[in-house]
Amino acid sequence: MAAVEQTKSPTPGGLHDGHLEAAPPAPLAVPTAGWRSVLCQSRAAAALMFQTLVQGMAQGWSSSGVDKLTHGEGPFAPTTPEMSLIVSLFEVGLFLGSVVALPVFTRLGRRRTLHLGALFFLANLLLTYFATSAGYLYAARLLSGAGMGINFTFSSIYLGELTTPLMRGVLILCMAILAPVGQLLSFLLAPHLDYWQLLATPAALLAVCVLLHLLWTLETPYFLTMHGRHQEAEEVLFRLRRGHDRDLVLREAASIRASMERQMSEVQSWRQTLSPPGVRRGALIVIVLSGSPALLGVTTVLSFTKNIFDVAKSPNAWLSSDLVIGVKIAMIFVAMFLVERLSRRVQLSIAAFINFAAMLAISAYFLCAYLGMNVTPADWVPLAALIVFMSATGAGVLPLQHILLGELLSQPAKASTKRTVRMLVAPAATLVLSVTSFLIQTFFKMVGDSAGYYIPFGVYACTNLFIALFALLMVPDTRGRTLVQVQDLLRTGSLGLSASRCKTGKTNV
């Protein structure tokens with residue numbers, strides 16, 4: 001049986017005699033996991049892991065697949081404008097997927113939402129395989145981006161609602177690793193396979209994904225509880241918490257039920273979705289962090305790695321590109337070690353500040369080159385700066401973005417059950433990411449070639465500094481807490497801040 005954290009609070013949600021208590025706010029049934037519980041939770045997440053690997057290969061196809069088309073190895077040769085659209089429409093599909101999946105997420109459940117993502121990836125593969133013109137690939141890339149939009153928007157929420165605090169960070173980081181692994185796999189296979197053979201590997205992975213979805217993917221106890229299916233929620237918890245004491249699992253189910261009832265009672269209309277204490281703060285953190293990767297420079301580095309090294313006249317541009325992606329993957333493994341040892345605030349702020357220094361260094365390098373100074377003795381700077389940047393990004397910025405998305409949102413903020421609401425926090429974050437990624441993909445090279453590459457990298461330095469300060473001031477420490485406890489922590493902090501303001505106002509009067 002797994003070790004269990006004991007608390008003195010006798011009631012769910014951190015309530016004691018009608019008053020909110022300090023952290024930890026909830027009685028917490030099962031904070032840690034025995035090996036049988038670990039196995040059950042990992043099995044429930046297995047299909048999503050394969051789906052994320054397929055997503056990574058779909059991202060990598062933008063480089064490897066388009067390259068084969070331009071060299072006459074595919075069914076047709078696209079023009080330059082067509083190639084630009086084939087690549088950039090993937091980013092547009094991000095928001096498309098989150099919007100289309102939102103009704104499924106709120107009404108049919110998290111499990112069906114992941115099934116829809118797999119269906120989008122299947123449609124992408126079929127359209128790409130039978131494509132005879134650019135129009136087929138436009139549709140394929142939109143659908144592929146839609147599949148990634150579903151993964152990006154809802155997969156962290158699914159894992160957050162399914163897992164114990166100990167397993168939550170580990171499984172979300174495993175998912176974060178598999179996306180770049182899929183990209184790297186696409187790059188490594190491309191030189192050895194033709195256009196059609198390149199689609200065989202993701203097709204095989206997707207087949208395994210669909211099979212695992214049918215066999216092992218479960219609905220989350222939070223969704224079942226929110227829809228009044230309490231007996232089913234308990235059954236799912238017992239399947240996921242194998243090896244835990246029965247009474248403790250029932251206590252977890254009771255704490256989830258109490259938290260859901262309170263959250264839903266506080267939201268009587270869609271206008272009140274972000275009005276309960278602490279909800280607005282969690283929503284702001286998620287939108288800023290989940291919508292910021294493009295503005296931080298992550299999208300640019302992943303999409304234009306070789307171009308950056310070519311412009312910087314760095315030796316071995318291809319080798320440098322592979323090294324940067326490999327460093328990102330390796331550092332996500334480091335994040336697995338750090339995520340339960342450092343607070344979210346400390347890990348994120350340190351990583352963002354390191355990224356600020358790295359972007360500032362590469363901006364200074366391009367500024368010196370733009371001014372006509374001799375930068376040959378410093379030709380190592382772009383590679384060193386991007387390695388440092390991707391190290392901090394992999395060890396802190398991107399993993400914590402996924403983890404906090406799965407932890408901070410209340411049930412109404414994730415996606416309201418009111419029919420009048422079309423888009424809330426998680427899809428809103430995807431919208432910000434989709435728009436900023438599309439604009440940066442379109443204008444980065446244009447601005448760099450015409451006005452100097454020091455400008456976009458200088459902007460990235462500023463946004464990374466902003467995220468470092470934002471994390472220090474706004475991000476709570478959710479490490480080791482259940483989702484019920486996280487909501488109580490946000491609520492307590494918000495009420496405490498409001499009370500202090502009221503007290504200050506009365507004193508001034």
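Me: In which hand of crossing does α5 pass α16?
Reply: This is a predicted model, in which local features need pLDDT of at least 70, side-chain atom pairs count only at pLDDT 80 or more, and totals for chains, interfaces and linings use all residues. Residues are numbered from 1 along each chain as its sequence is written, and side-chain values use heavy atoms, without hydrogens and water. A crossing is left-handed if the near helix is turned anticlockwise from the far one by less than a right angle, and right-handed if clockwise. For α5 passing α16, the crossing is right-handed.

Me: Which residues of α16 make the contact with α5?
Reply: Contact means heavy atoms within 4.5 Å. From α5 come Arg168, Gly169, Ile172, Leu173, Met175 and Ala176. The α16 side consists of Pro399, His402, Ile403 and Glu407.

Me: At what angle do α5 and α16 pack?
Reply: Helix α5 covers residues 165–189 and helix α16 residues 381–408, with axes 9 Å apart. Axes are lines fitted to C-alpha atoms, for helices over the stretch in contact, and angles run from 0 to 180 degrees between N-to-C directions. The angle is about 130°.

Me: Is threonine 217 buried or exposed?
Reply: Threonine 217 lies in the loop between α6 (200–215) and α7 (221–226). Not counting residues up to four places away in sequence, threonine 217 touches Ala44, Ala47, Arg111, Tyr158 and Leu212. Buried means under 20% relative accessible area, exposed over 50%, and partly exposed in between (1.4 Å probe, protein chains only). Because its relative accessible area is 4%, threonine 217 is buried.

Key. Helices (H or I, at least four residues) and strands (E, at least two) are DSSP runs, numbered from the N terminus.
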